[in-house]
Structures are given as structure tokens and as C-alpha cells.
Amino acid sequence: MVRKRRTELPSSGESSESHETGSGRGGTQRPPMQQPLQQQPQQQGGGYQGGGGRGWVPQQGGYGGRGGGRGPPQQYYSGPPEYHQGRGGQQYQRGGPPRRGAFVGGHGVSPGGGPSSSPGPELRQATHAVATQSSTYGKTSETLGGASSSSHAPDPHPDVSETIQQLSIQPKTQPASSKSMRFPLRPGQGSKGTRCMVKANHFFAELPDKDLHQYDVSITPEVPSRGVNRAVMEQLVKLYRESHLGKRLPAYDGRKSLYTAGPLPFTSKEFKITLSDVEDGPGSARPDREFKVIIKFAARADLHHLGMFLQGRQADAPQEALQVLDIVLRELPTTRYSPVGRSFYSPDLGRRQPLGEGLESWRGFYQSIRPTQMGLSLNIDMSSTAFIEPLPVIEFVTQLLNRDVSARPLSDADRVKIKKALRGVKVEVTHRGNMRRKYRICGLTSQATRELTFPVDEHGTMKSVVEYFRETYGFVIQHTQWPCLQVGNTQRPNYLPMEVCKIVEGQRYSKRLNERQITQLLKVTCQRPQERENDILQTVRHNAYAQDPYAQEFGIKISERLAQVEARVLPAPWLKYHDSGRERDCLPQVGQWNMMNKRMVNGGTVSNWICINFARNVQDSVARSFCHELAQMCGTSGMAFNPEPVLPVVSGRPDAVEKILKSRFHDVVSKLQPQKKELDLLIVILPDNNGSLYGDLKRICETDLGIVSQCCLQKHVFKINKQYLANVALKINVKVGGRNTVLVDALSRRIPLVSDMPTIIFGADVTHPHPGEDSSPSIAAVVASQDWPEITKYTGLVSAQAHRQELIQDLYKCWQDPARGTVHAGMIKELLISFRRSTGQKPMRIIFYRDGVSEGQFYQVLLYELDAIRKACASLEPNYQPTVTFVVVQKRHHTRLFANNHRDKNSIDRSGNILPGTVVDSKICHPTEFDFYLCSHAGIQGTSRPAHYHVLWDENKFTADALQSLTNNLCYTYARCTRSVSIVPPAYYAHLAAFRARFYMEPETSDSGSMTSSAAAGRGPGGVRSTRSPGAGAAVRPLPQLRENVKRVMFYC
């Protein structure tokens, strides 16, 4: 189909995941890039004059942050806390050809697909033109980065064609045609490792040979509810299928599009449909509703092009054809189950499990059709999510507040909690017999029910709610001291006492879960691989696609067998430890090893340290002996650790954290300063449930006092465990500037495309606030390796940016300074300078791992961020353009890999999962582009989720083996444990950095619950410190600056 007007998703859920997918890399984002790039004027002399922040000299006093337009905006910091689920959307569900025209950041593409290679001199020549265009940088940066004086966040979907025209960096070669802007083609498949077979939860779907037609649907009066639209269309098909629709069974997306397998016997037709309000039950006083439906021919969906794409003979996925097939396969489950995004849930698909506070989990399945090397594939996975229990409202509130609510009146905090939980929830009334009228809650009344009155006639006669219910329905309200629910709209509110309302079944809870609820939900979703595989197969059989009338109508046939896929298990790398240990190097076994008989390759020094104890139950003597054991373990592991603290252990109250930290720090400084010494480490003992204490402590230490700290929970202090101490020692070592281990191949310069020339590896991520935190900023983090050729030590920077903005705004910044002229700054430049300072070399190659990007944003993120990398390099010196490989890392996908034989002990780890190092780059991967699945970690519980790596740009010409091995080997260099991790460490560290930065925001009251230590360790900030702004367009408050001595180390570990 040729129309580009709409990019709506086939999903009937409202989740953001599905919308990202639908808008894809095309549709409205498809840029008409036929315009030639504008030639920029060159500066006289080609050099950079003035103190404009050019060259490899670090900028003084920090550098620009978000929204900085006309002056030095905010500081960033070093830095990277625990990776939790990455984001990223569906693979390959992209909205049309992203690849048009000349590319921004330099490099056109040869008609064959991959970036065209050109010899060095040509690159230097091309970049010389770039590097001297200092006059254009300011304007360009404003166009791309929103660095205007008004500090407005840039539109997350800028007009790409406009952007292209204003880009200042010239391509090495002009593309042969407007279609040649492509992601790199697969450079062949990898061959390294031990070959094996695995099963994937992809089911082959036969491409139908039907003639697909699309029709526009307009329903008047318009209703926002897809459910009502579907009911109207269902009625229309029931009444007119035989007589007017040529016996066709159409598939409907719930919005504006209808699809048929073959033409309808008209090009445009109007229907009148009457809908009786079935929801209200018999005896409803509501009149029937009438709708006018116009169905009008729009276009034909071309399955021929989809076939060509699957065979690799066409570059772009015909998005519309894929969308039709997706809608067809969603039609039946949408009528049976509750759709949420691309998933379907029902209490019939598995046992409901209570999650606490009025919530329960429902089981369901995820379903998505996608193009792969084996052809069309239906990806099916098991899923669970939280729904609101269909309880009487009084009972829901009792559970929510976790107490007998009749015992004492509601406090203001109670009311806020109830209002937050119930806003937007649908309830039905129970006081009118069979007539179960439904309403949506919009708020709570500020007065108690007994005080509420309302006008009953035009003379303004007032009646109390209590009286009205008694007289009209014979219903005596018991809880008159409680507020009423406000339903309907806020202009004309209706009052309903809580006790006459029951929550309607089937409403998903979309707000943030608390720690206990998350734990309960994880228990439900955590399934051993064999159990999960069986459930997936059972779901496919239960869905009975062969009997699905819609699949039959459109000729879609789905296999009932899991795809058998060729895989390879990559070998683990040798790791180097210090020569003074009994074991100088180590070969990990099944993704893990330990520190026994080994010493850190570079042990850090801790000469001066103190301990503060905030746990009331831990006595000073216990704290002292714990610190002694920890110091001993650090020494054994290879650090130079003074067994005695500078000052004795001191205890303090958690509510006086700032006062205690500052007074103790003052005492230490007074003692050490005369000797010209500094405090190296603060050890802190925290209560197990410590609220916002952890976050406050990190903020004060890292942005105010300039101390690195190590927190330990009281449960570990009481039960001293050698393994725990060894892990804490690993963290302390990197926080004080040491390194735990390095790759043997890195030391012997044997890593392809890394060891041969100075190479910097970046990791980048953006973390967004939780649902409900509707004005908190998003936080971007970028880390970069600092120790080539070993690549294990990373410095990081973070910055706040506009709410839910995915593009990293501060990679490159440029502004005019009255004294210094044009100032170039940003995260990339700062990290490149830092690399040069620590290695003495300029990076000649950049490998950029980008986490957190969904498929629909691939093109946009690459366009914007690669350009920022180019400009940052060009701002350092003329002709400086290192080659770039840009790889997206995704964890939020639904592909799972299972051992071919669950009983074969040689093909599984202890948890029953596939072996660490398992890589797949065939059959279930993209038909033509360079992507692969890598399960780099050993499973602990549940089913391992492989990471998906997709190469969006590659000037370094990686082979499949080289990139897969590098990525797998890096997963063994993660500093915080002796295990290989599930995603590449630079991306993991970037996530930790962004997570830590949430604690740095100014503390404000947050109703999202308190921060627990376990959340602090990884899942998400509880007492989120939000920098709330009056509106989305308002400036984002910069984060406080990190102290220089903290910035230099991996303090975030």
C-alpha cells in the first residue's frame, strides 16, 4: 500500500511499546531526503582561533548541559547503578524505508548496502571541510539539539528532511540513489565456536497469496474507545456480511482501517448501525446509540514486495503488508481476551495470583508477526501483568491501605494514595439490582459523604447524598465519614458512595508497582526453560490458528512447531590476574569463576578510610569486626588496604544523614590535611529497609563532599560471608581506581579491530521516569573505556533531559560565549579528551553500544547521535574523524532460545538454560541486516533472555565473528562480579550511571513509595527525586555537578 498518512498499530492495547513499533522507521518519519546537502562555507585559514573550547584541552568548569543555548549550561558527570530490564521494542516491525538520501554524519553508502569504504586521504579531505566549519556548528546544534536560548526540549520526532538540509558534515561519497541510505548488510554468518541446534519461540507462518485490500473507515459520532468501534463493526459484519460485503470476513484495527482478502463489491458505502448498551445490562434506562459508518476503498496491500523482502531481494520491509497480517492474527484473541499492547491476558489462561494492595496478576501471551531469514515468523511468548482485582471499592481501599479503615478517619496521605490508585478506574454500581451501570472514576470528593449535597431541580433545591440514596433506592449509606467517588467528567461530577461501587473486571494496572508487588509478579513469571517452552507450545495449540476464521479467510497458515535454529557456543576468554597470586590467569567455566588464589590485576590503595553505621541494631563492636574482615579480604584480593580507620566507627540516625556525614568529613579533613592526605573511602552500614537514605548518602558524598563510598546492609554485617566480602572487595577496588581483571587477548594485542589501533568503546543509555512520574526528566548516560588496549575501565557522564526524550541531547553542544567565541562541548568530547589524557593516544576507532532503543527509533537515533559523534570529533581538531561502528543493544524483546534436548547435560547450564556464549545469526534474525542474538550469561533462575545486537552503522567493517567474539568477551570484564553478564558492560555501566543520577536530583516529596535497599541495588529508584517542571516544554533543571576526584573512578559500581 502506498499511503503514508497513517502509522497506527494493529494492536488494540494502548501501550507505548506498540506505538513505537508502529510508527517505525518510516511512515510519518520517512524523510524525503532527495535534497542535496548544503555546501557549507569554509573558514579562512582552516584552523580554529580563539578560546572557543576547541582542541584536546579540557574545558574549565564543566561544560554545557541540557537546554543551554546561549551560555554554558549544566555539568555532566562521570559516572555510572544496577542494570535492569533494557528497553527496546519489537524487532523488524519498522514503519517503512528509513534509508533515504545522503547520510548526515559523513558516509554515504554504496548501492550494495554497507557503508562505502574509502581510503584514508579521502576521509581526511572530507572531514577537513567539516572541521573548519565552525560558523555553522551553532546553528546546526540548535536545529538538532534544541540548544536554543528558550531551552525548549527538541521535538522527539524532528522533521528529518529539514534536519538533513541543515547538517554541516559532508559525506565521503554521495549515495548512488535516494534509496541507498541503509543499515549495513550482514557480512556473512559467523563460524567461530562449537556448533549446536537450539529451539526458538518463533513459528513459521506461510505467506498467503491473497489479494489484500485496505478500506478507510469513518464512524460518526466519533468515540475514543476502540471497544465501541469494534462493537459497531462486529454488528455491521453480522448484519451485512452476506448481503453487502460479498461474504467477506474483514479484519479491523479498531480505529480507521479495515482489511479484506479480496475486494468488497463497492468502492464506498454508508451503513447505519444501532448499538444497544449491553454493558448496562437489561432494564437500562439508556437509549440505543446510532452510528453512521462509511467504508471507502483506500489501497491494495502488496504481498509480492513482502516476499521479495523476505528473500533479501528488496531493502525495505513493506510495513503495511506486515501490519495487515498482524491485525488479522490479532482479531480473534482481541475478542476473547484483554489486549495490552501486543499481548493478550485472561484469567482463563492461568491462575490469578494476588499481588497485594488490591492487585492481582493475570497470565497471558505475547504475539507478533515479523520478517526473518526463514520467512514470516510468529513470535509467541508467555507473559504476566498486573490487573486491578474486581473487588468492591471499600474492600479495595482496605487492601490498599492495609488496615481496618473503619477504625480511624482517613489522613491526607491516605486520600492521596486512594485517589492515585483509583483515578481512571472503571466501576459498576451495585445498588440498582440488575442494572449494573458503569462509570469511570475521576477523583474523590474533598468532603465526607454525610456533608455532600447537590441541586435536585432548577430552583436550586439542595438534597444530601445520604438522603437521596435512602429515598430513591432505599439504600442506607453506612460509611458516611468517607469521601464519595467522583465519576463522569470534572465539570459535571456525579457522586457515588464507595460502598455502592465494584471495580469492573479486566482493567490493567499501568502505574508503578511497589517492591513487594514486583517480587510477587516475578515469582509468577519466573519459569524454568522446559516449563516455559511447554506453555508456549500449549498456547499455540490453544490458539488453534488452523481453525481461526480470520486466518482461514486470509490464507495464513501457522506452524505448531518451534523453529529449529543453528547456533554456536563461543568460547570463554582467558582472564588475566596479578602475577603475585597462585593463579595468574583463569578460564571461566560455564560463565563463572571465583577469586580464590587470585589477586586483582591492578589493586587499588586505601590508606585512609572511616566507617559510619546507620543501622540501629548493629553495635559498634560488630561494625568494627565487619570492617576488619572486609579490610582483610581487600588485602587478600590484592589491594593495599590499611587495616585501621582514620577515626573510630561512629553511629548515626538515618534522619540526620547530612549532618553526620558533614561533621565526620570535617573531622577527617582536619586530621589528614596537615599531612597532605585525603580520605580514600567511606564504608557505610545501612538498615535493610532504609527508605531514601541510600540515595541521600550517594548524592551528598558524590556531589557535595567528593568521597567514594561503599554501602553494606546490616543483614550482611551480622552474617559475614566470604563470598559477599570478595564481591564487595571487587566493587571497592574499581571505586578507588583499580582494575579487577583484563582480557589476556587484550594484553597480547590479539583482539581484531581493537588491538591494532587506539580504540574507544562507548556505552550509552537513556532511562525514563516510571509511569505516573509524568514530569520528571529522563536521564542520559554515556560511558567510555579509558585504558586501551585493555578496555576494562570506564569513565561516565550523565545529564538530565526532557521527559521521555530518547535522543541523547548532550552528546555534542555548541554555543557562543562573549569572551571565548564559539564553544564546543558535550559528553563525547569530554570522554575523548579523558581517553587521550589517560592513554596518551587519540582514539582512531569508535565502537558505540547504544542501549534502550526500540525498533521504531533506530533510524532517528542513528541520524541524530552519529552526527553528534562526528561533530564532537571535528571540534577537537581538523581532519579528525575516527571510524565508527554503532550497535544497538536490546533486552526488551520476546525471543527465547531453548536447548534442543533438555536432558542433554552438555548443552545446558545448571538452571536448564542454553550455555553462555550461545550466538544465533541465522533463521530467526533479520533477512538482510547485520544482527545477532547472544546469550552471554549463565542462567540463575527462570529462562535466560538473550541480548539482541543490531548494527546500524559500521565503518570498521567488522566480520560477524569479530563483533560477536568482542561482544561476548567484553561480557566477562564486568567489574562487580565474577560472572559473565547478559549485556555488554559499557551498556550496563551506562544504565548504572543513569540510575545513580536519579538520586542526585533535588529531593522533593514523591508519592511513589520509599526507596528500599534492594531497589537501590538494581530495580529502580523508589523515592524518586523528581525535578518536576511546570510543563513538558519547560527547561530541565540541571543535575548537581560531580566532584572531580569522584569523577575519575568507577564510583557507580
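A: Both Tyr974 and Tyr989 are buried, where buried means under 20% relative accessible area with a 1.4 Å probe and protein chains only. The model is predicted, so local features need pLDDT of at least 70 and side-chain atom pairs pLDDT 80 or more, whereas totals for chains, interfaces and linings use all residues. Residues are numbered from 1 along each chain as its sequence is written, and side-chain values use heavy atoms, without hydrogens or water.

Rings of Phe, Tyr and Trp (its six-membered ring) pair if their centres lie within 6.5 Å; planes under 30 degrees apart count as stacked, over 60 as edge-to-face and the rest as tilted. By this rule there are 25 aromatic pairs. In one of them, the ring centres of Tyr974 and Tyr988 are 4.4 Å apart and the planes meet at 20 degrees, so this pair is stacked. Tyr974 belongs to the loop between α22 (960-970) and α23 (985-997), and Tyr988 to helix α23, so their pairing ties together parts 14 residues apart in sequence. Helices here are DSSP runs of H or I with at least four residues, numbered from the N terminus. Tyr988, like Tyr974, is buried.

Tyr974 also pairs with Tyr989: their centres are 5.4 Å apart and their planes at 20 degrees, so this pair is stacked. Tyr989 lies in helix α23 and Tyr974 in the loop between α22 and α23, so the pair ties together parts 15 residues apart in sequence.

Terms used. Helices (H or I, at least four residues) and strands (E, at least two) are DSSP runs, numbered from the N terminus. Buried means under 20% relative accessible area, exposed over 50%, partly exposed in between (1.4 Å probe, protein chains only).
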